[in-house]
Amino acid sequence: MCGIVAVSGNAEAARLAYLGLYSLQHRGQEAAGIAAFDSATGESSREREAGLVSDALPEERLAKLRGDLAVGHIRYSTAGGAGLKNAQPIRERYRGGHLALVHNGNLTNANLLRERLLNEGALFQSSIDSEVIVHLIARSRGESADDQMMDALSQLEGAYCVLVTVGDTLFAARDPYGYRPLVIGSLPTGGLVVASETCALDIVHARYVRDVEPGEVIRIRGGEIEQVRRLPRFVAEPQPCVFELVYFARPDTRLWGYTVDRARRAFGRKLADEQPAPGDIVISVPDSANSAAVGYSERSGIPFELGLIRNHYVGRTFITPTQVGRDFKVRMKFSPVREVLEGKRVVVVDDSLVRGTTSRALVHMLREAGASEVHLRLASPPVRWPCFYGIDMPTREELIASDRSVEEIRAYLGVDSLGYLSPDGMIDCVSDGGETYCTACFTGDYRAPLVDAQEGLAMTSHC
Ligand code: AMP
């Protein structure tokens, strides 16, 4: 998962990048970092730390980040990849000068490239696939930074949005399939900002200029776009991730041509058409399913109520299940509103079902709070396949829908009825202009080759 941001051509680059990261916090909570470059002095600096943006980058650290160019990153926690050495930006000095890199996505040939580089004598400091890109840039025989960038990016497979600074120059690139989002905005106080989501433009009053299109490598200097090149690979059907619309992106972000809130409402309306339920009230699993639940309520005519409250202050906990029961994590995060639920047939709308553990505990909680019936409706199809393109998903075995029928899942969750949005119904809601999407987690249709797996190597899943 992860979020990235860059600011070029503004004296407050690091502070603006900080605000951008703040608005991208939902994309990762494990670590945050910013690297800055000062074109006047030629000096570079970097600060990165574990934790939320506000904790990782306090004022005294931000004050050290001087310059008119900055890149920032927030990292999502994934299985084996924790630790500060895996936090970004990566910063190195090579023959082209100071280099800093941030990456969102997941390379599918990272381990193959890493093996090759190790055999050639490269030394790695982290276990993240992003470091491979830095080595490829530094080892490229290309003379200019442009050529080094094209050379390195052409060797990558899978999903990536990268922001790389080489001296005073910023490169913004997106893989030819366009799995992850990357947008450019112009700042009212001068310069450009590039970020994973438009919500990072809004927070700094930047005006949306354009997307970085799939396969583009854009060179920016002093806050101006200087050059746009295309990677050699041409992909006829771009594969932007539909799960960004379903769950991951912030509702106020504009993504793939749709405001995320509007797309989720449309999923909810379509879900009501396809999977009606006998309910007195519709509630959402906050916050990710709020928009879909509003859509479901609008279309079905069943009133929307706030039946579950989410606690936003849940951090890491050291309480063990034996102390408070197995569903303690869910009870720390969600509380039922008894007066709303008591004696009601409740239609619960959630955005997706992954492992099923949260929903199972939630259903139990709703019944305890007096719901007479619980009808679960999912505003996306069954998640059956892991993601190798940058969404952190459990293994196939852990996905509840990988080998169970809807009836088996219904029985496991203990709901009175269960209904999923159909794959066609979902795409129908967000393809007004004939857009194509990556739906691999629902369909197993992996377009970018899973090179490491084909070579018998482990697939990395970092961000
Ligand atoms: P569960 O089915 O218990 O694994 O929880 C599913 C819920 O987690 C969904 O309702 C989403 O809101 C949220 N979710 C979906 N995908 C992810 C993901 N990749 N990482 C973390 N949470 C997710």
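**Ligand contacts**

I started at the ligand and G356: a polar backbone atom of G356 is 2.7 Å from an oxygen atom of the ligand. I note here that the model is predicted. Next I looked up R355, where a polar backbone atom lies 2.8 Å from a ligand oxygen atom. For S352 I found a backbone N or O atom 2.9 Å from an oxygen atom of the ligand.

I then asked how much of the ligand the protein buries. Taken alone, the ligand exposes 500 Å², and 84% of that is buried by the protein.

I also listed the surroundings. There are 16 residues around the ligand, and those that come nearest are D351, R355, G356, T358 and D392.

**Two domains**

I turned to the domain assignment, which gives domain 1 as 3-239 and domain 2 as 259-446. I looked up the distance between their C-alpha centres and got 33 Å.

**Where the domains meet**

How many residues of each domain are in contact with the other? I found 13 from domain 1 and ten from domain 2. The area buried between the two domains is about 920 Å², and carbon and sulfur atoms give 52% of this. On the side of domain 1, I noted Y179, R180 and Q239, which supply 45% of the area that domain 1 buries against domain 2, more than any other three residues.

I checked the interface for salt bridges, and the rule finds zero. For polar contacts, the rule finds two residue pairs across the interface, both at pLDDT 80 or more.

Technical notes
Residues are numbered from 1 along each chain as its sequence is written. This is a predicted model: local features need pLDDT of at least 70, side-chain atom pairs count only at pLDDT 80 or more; totals for chains, interfaces and linings use all residues. Side-chain values use heavy atoms; hydrogens and water are left out. Domain bounds come from an automatic or database domain assignment. Contact means heavy atoms within 4.5 Å. Buried area is the accessible area (1.4 Å probe) that two parts lose on being put together, summed over both. A salt bridge is a side-chain nitrogen of Lys or Arg within 4 Å of a carboxyl oxygen of Asp or Glu. A polar contact is a pair of N or O atoms within 3.5 Å; within protein, one must be able to donate a hydrogen and the other to accept it, and residues adjacent in sequence count only if both atoms are side-chain atoms. A residue is near a molecule or strand if one of its heavy atoms lies within 4 Å of it. Accessible areas come from the Shrake-Rupley method with a 1.4 Å probe; for residues, only the protein chains shown count as cover.
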